[in-house]
Amino acid sequence: MPPVMKASALLAHAVEKLEASDAIDHWQKNRELYEAEDLLMHAMGGQEVELDEDVPPRVRRRFEAMVARRAAGEPVPFIKGYAEFRGIQVLARPGVFVPRDSSEFLAEQAVRRLRARRSPVHVDLATGGGPIALAVANEVPKAIVYGADLSPEAVALARTNAKRAGVRATFVVADLFTGLPKRKLAGKVDVVTLHPPYVPRDEVRDLPDEIRAWEPTHTLTDQSEDGMGLVRRAAHEGPEWLARNGWLLVEVSPDRSREVMRILRAAGFREVRSTKGGDLKVTRVVVGRRPA
Ligand SMILES: C[S@@+](CC[C@H](N)C(=O)[O-])C[C@H]1O[C@@H](n2cnc3c(N)ncnc32)[C@H](O)[C@@H]1O
């Protein structure tokens, strides 16, 4: 049986181990500490942990096993089995993209626009396990919400997530817009959200291990040379589905936002701009209104 240790000492060991890991992307200050605290709380059964608290050996063993998995690159949501997304528990399973905190800002941008409409309609393309669609359905209950993804595993998980969260959203297997009910939605969608696979084909191999080894390739790249294949298609196909004055909102990494703006403008979208937000305060969501 390992000896009893204070939470502070256990956390310090865990942070050291995570900082030394080559499998983790150390891009955010104190990321290792936040993750260690999150895992310790999870090992304690969800209870807040005081730093001077003695951690029982049974909990310590559980925690150290989780830290070892994380140090090997496994994303925290796979270890815990879920991610928190705007107050909703979204199940996370290998084979389906892990929801990122940064996407909470995309959901927020959609919610803001949909709340202002009388009978709002939202479509979340490339929905994965459904975090953005679920957040919208939760925060704008009057909205009709659809989520679509090419992956049947993702759609099955999104449906389970909707049931668990007790929200009303319809999830379909679809190649972008193809497969959505045209009679019901064409020309009526107020907001389309899209967090696409946008990594250029040849750059996937350069991604950190924790992404490349754990996320399926089709969630990272659309296999186009510049990674903008799905964005171009959404810009081209979107106007047929969007209502007059409807919005297309696209989440990408800061270095891709200029290219997305160029594509939207070239397709005739109006009021195109790049917005910053969330805790990270970096450019993440490009917005544009349907061409007139
Ligand atoms: C970066 S993930 C985003 C998932 C989810 N929106 C999120 O933020 O957690 C990209 C998603 O696009 C889906 N995808 C890839 N190609 C697609 C296509 N042609 N049509 C629809 N979805 C596609 C993948 O299955 C994956 O779930």
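At roughly what angle do the axes of helix α5 and helix α6 cross? Keep that in mind as you open this predicted model.

**Stop one: α5 and α6**

Select residues 103-115 for α5 and residues 131-139 for α6. Their axes cross at roughly 40° and come within 9 Å. The crossing is right-handed.

Now show the side chains. On α5, pick Ser 103, Leu 106, Ala 107, Ala 110, Val 111 and Leu 114. They meet Pro 131, Ile 132, Ala 135, Val 136 and Glu 139 of α6. Colour this contact by class: nine residues are nonpolar, one is polar and one is charged.

**Stop two: α10 and α11**

Move on to residues 229-241, helix α10, and residues 257-266, helix α11. These axes come within 9 Å and cross at roughly 25°. So α10 is roughly parallel to α11. Here, too, the crossing is right-handed.

Select Val 231, Arg 232 and Ala 235 on the α10 side.

**Stop three: the two domains**

Zoom out. Colour 5-73 as domain 1 and 95-289 as domain 2. How far apart are the centres of the two domains? Taken over C-alpha atoms, 32 Å separate them.

Finish where the domains touch. Four residues of domain 1 are in contact with five residues of domain 2. The domain 1 side has two nonpolar residues, one polar and one charged.

Methods:
Residues numbered from 1 in each chain as written. Predicted model: local features only at pLDDT ≥ 70, side-chain atom pairs only at ≥ 80, totals over all residues. Axes fitted to C-alpha atoms, helices over the stretch in contact; angles between N-to-C directions. Helix = DSSP H or I, 4+ residues; strand = E, 2+ residues; numbered from the N terminus. Left-handed = near helix turned anticlockwise from the far one by under 90°. Contact = placed C-beta atoms within 7 Å. Nonpolar A, V, L, I, M, F, W, Y, C, P; charged D, E, K, R; others polar. Domains from an automatic or database assignment. Parallel < 35°, antiparallel > 145°, perpendicular 65-115°, else oblique.
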